[in-house]
Amino acid sequence: MNTIVLAAQKGGCGKSTLAASLAVAAMQEGRSVRLIETDPQGTLWNWQQRRACSVPGVDVISDVVQLEQRLWIFSRQDVAVTIIDTASGISPLTNAAIRRADLCLIPVRPSIVDIEAVAPTLGTARASARSFAFILNYASNRGRRAGDAAAGLGDETAPDLGNVVAQPYIGTRVQHQDAFGKGLAVTEYAPTTESADEIRRLWQWVANRLNQTVPASARAATKAAPGQTARNPASIGKASLPHRFMDF
Ligand SMILES: Nc1ncnc2c1ncn2[C@@H]1O[C@H](COP(=O)(O)OP(=O)(O)O)[C@@H](O)[C@H]1O
Ligand SMILES: [Mg+2]
């Protein structure tokens, strides 16, 4: 089972929307998917209540023990992908979710305020040697802002930029809000639109990235071959802030 967490200090950057969208995109590709809601606001739970169908299931959990138990159960139920949505900010439950994830996805708006706010989440992912990637959400179709933001997030890691910032950037589109309000993902609500296409391609990027990541369940059993130094994905993307954003 692959476990993904959506985490970010900032509220409103798109964690819940992207968690639901990626879950549905993975499901539409034929994968067995579960969502875990750790945010007391219950955004995903409310979304599931508005849906006409029961999949992907949303499990609400409120502490670290429940999280561990649920992940253990899912891994034995042949769930292929579990996506965990978290509350904004940093909490013991969010930290535990990041530690248990194969990939930590950090949605970011392309603005200096939001980029400055990634440091705590990035710090947790790096401290626990988790793979991570930024998702540039609310990207404008015009101008160079999103491209500059991506470059800043990958500052000092230019050769790894493609691995640190997910592709494509997700544009600001009202279909995301309309779909969510109807208990749908954009790939269900408006499947032929650019917004749906962006989400499908984002899921493909995430799936490819997961293929390069050793699942948490297999990690304990994996040992580096003698004389080899495994490259730690969390060592890329230093948390230094991109000062070039000051001219936004
Ligand atoms: N790419 C987007 N374009 C337009 N609206 C978006 C986009 N992503 C998220 N939203 C909207 O922004 C608001 C906050 O998103 P949400 O996923 O709840 O953020 P978070 O979970 O990080 O607090 C919601 O109304 C959501 O529909
Ligand atoms: Mg949310």
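These are my notebook entries on a predicted model of a protein chain with a ligand.

**Conventions.** I number residues from 1 along each chain as its sequence is written, and I letter chains from A and number ligands from 1 in the order in which they are written. As the model is predicted, local features need pLDDT of at least 70 and side-chain atom pairs count only at pLDDT 80 or more, while totals for chains, interfaces and linings use all residues.

**Overall.** I found 12 helices and seven strands in the protein chain; these are DSSP runs numbered from the N terminus, helices being H or I with at least four residues and strands E with at least two. Of its 248 residues, 43% count as buried. Buried stands for 20 or more other C-beta atoms within 10 Å of a residue's own, exposed for 12 or fewer, and partly exposed for values in between, with C-beta atoms placed from the backbone.

**Ligand 1.** I looked up the shell and listed 17 residues around ligand 1, the closest being Gly14, Lys15, Ser16, Thr17 and Gln177; a residue belongs if its C-beta atom, placed from the backbone, lies within 6 Å. Helix H1 (15-28), strand E6 (132-139) and helix H9 (174-181) each give two or more residues to this shell. By class, the shell has four nonpolar, 11 polar and two charged residues. Nonpolar covers Ala, Val, Leu, Ile, Met, Phe, Trp, Tyr, Cys and Pro, charged covers Asp, Glu, Lys and Arg, and polar covers the others, Gly among them.

**H1 against H11.** I next followed H1 to helix H11 (residues 194-211): the two pack at an angle of about 80°, with axes 9 Å apart. The axes are lines fitted to C-alpha atoms over the stretch in contact, and angles run from 0 to 180 degrees between N-to-C directions. H1 and H11 are therefore roughly perpendicular, the term for 65 to 115 degrees. Ser21, Leu22, Ala25 and Ala26 of H1 meet Ile199, Arg200, Leu202, Trp203 and Val206 of H11; contact requires C-beta atoms, placed from the backbone, within 7 Å. This contact has seven nonpolar, one polar and one charged residues.

**Helix H2.** In H2 (residues 43-50), I noted Leu44, Trp47 and Gln48 as buried. Seen down the axis, they fall within an arc of 100°, so they line one face of the helix; the arc is that of the directions from the axis to the C-beta atoms. On the other side, Gln49 and Arg50 are exposed. The buried residues pack against H1, strand E2 (33-37), strand E3 (57-60), strand E4 (81-85) and H9.

Methods:
Parallel < 35°, antiparallel > 145°, perpendicular 65-115°, else oblique. Contact = placed C-beta atoms within 7 Å.
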